Amino acid sequence: MACIAGDKLTKDRIREKGFFSKLVTESILPLADYLGNKEGYSPDKMNISINTKKGEVLDVPTLTDSPLTFEPELAESICIGDGDVFLCKIRNVLAEQGLLDKEKGLEDRLRQIAPVKTTCSTYFSWSGKELGPWGEPRKDYIM
Ligand SMILES: Cc1cc2nc3c(=O)[nH]c(=O)nc-3n(C[C@H](O)[C@H](O)[C@H](O)COP(=O)(O)O)c2cc1C
């Protein structure tokens, strides 16, 4: 599920194409923080070095350096005021090689993915370590 407020490029693209890609992990946090804080309507947003590849199932750009990426496809949207709730079906999951090792326990694999959680405009690691406020990890991307 994605809840997107106001007008933004991400929302235009989801409406137009019906899909997107997603998951913030520690390895891509600086890039994700940049993409999440810089407005897509600004023409210079993508004037950065960024490695992407096409999804395996959907024609959607995904971040190459993420250990795990979802390819969600829009199933239904609910409009609430200026916000939209997009309910999606995950059509595919891209995972780096080491995550396919079924001998490895789920706990180890989650540690390898290192998903980032967020609350109170602050990022946290999977184990709960504070990783800084929104807008800080992107500092290498601000020109
Ligand atoms: C950690 C983080 C989480 C965010 N989550 C949401 C969200 O759930 N919904 C939303 O509307 N905007 C969210 N934002 C803000 C958007 O990322 C921001 O509006 C951004 O400009 C969207 O990109 P775009 O302008 O290219 O569409 C989030 C930003 C950050 C940094």
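The legends below accompany close-up views of a predicted model.

**View 1. Ile 4 and its contacts.** Ile 4 belongs to strand 1, and when neighbours within four places in sequence are set aside, its contacts are Thr 10, Lys 11, Gly 83, Asp 84 and Phe 86. Glu 26, which is 22 residues from Ile 4 along the chain, has its C-alpha atom separated from that of Ile 4 by 23 Å.

View 2. Three strands form an open sheet in the order 6-7-8, and their pairing is antiparallel. Because strand 6 (117–119) and strand 8 (130–133) stand at the edges and each has a single partner strand, one side of each is left without a neighbour in the sheet. From one strand to the next, the twist averages 25°.

**View 3. Pairing along strand 7.** Strand 6 and strand 7 (residues 122–124) run antiparallel and are joined by three bridges, and within this part of the sheet Thr 118 has Tyr 123 of strand 7 as its bridge partner. Strand 7 is also joined to strand 8 by three bridges, again with the strands running antiparallel, and here Phe 124 stands opposite Glu 130 of strand 8. The hairpin of strand 7 and strand 8 has five residues between the strands, and in this hairpin Gly 128 adopts a positive phi near 105°.

View 4. Nine residues make up the largest nonpolar core, namely Val 24, Ile 28, Leu 29, Leu 31, Ala 32, Tyr 34, Leu 63, Val 116 and Tyr 123. Helix 2 gives the most to this core, contributing four residues. Another core, of six residues, lies apart from it and includes Ile 14, Phe 19, Phe 20 and Phe 86.

**View 5. Val 116 as a member of the largest core.** Val 116, one of the residues of the largest nonpolar core, touches Val 24, Thr 25, Glu 26, Leu 29, Tyr 123, Ser 125 and Leu 131 when residues up to four places away in sequence are not counted.

**View 6. Leu 23, a residue with positive phi.** Leu 23 is placed in the loop between helix 1 and helix 2, and its phi is near 155°, a positive value in a residue other than glycine. With 19 C-beta neighbours inside 10 Å, Leu 23 counts as partly exposed, since a buried residue must have 20 or more.

View 7. Ala 114 lies in the loop between helix 3 (106–113) and strand 6, where it has a positive phi of about 55° although it is not a glycine. Ala 114 is partly exposed, as 18 other C-beta atoms lie within 10 Å.

Note on methods:
Residues are numbered from 1 along each chain as its sequence is written. This is a predicted model: local features need pLDDT of at least 70, side-chain atom pairs count only at pLDDT 80 or more; totals for chains, interfaces and linings use all residues. Helices (H or I, at least four residues) and strands (E, at least two) are DSSP runs, numbered from the N terminus. Two residues are in contact if their C-beta atoms, placed from the backbone, lie within 7 Å. Two strands pair if DSSP finds at least two bridges between them. Axes are lines fitted to C-alpha atoms, for helices over the stretch in contact, and angles run from 0 to 180 degrees between N-to-C directions. A nonpolar core is a set of buried Ala, Val, Leu, Ile, Met, Phe, Trp, Tyr and Cys residues joined through C-beta atoms within 7 Å. A residue is buried if 20 or more other C-beta atoms lie within 10 Å of its own, exposed if 12 or fewer, and partly exposed in between; C-beta atoms are placed from the backbone.
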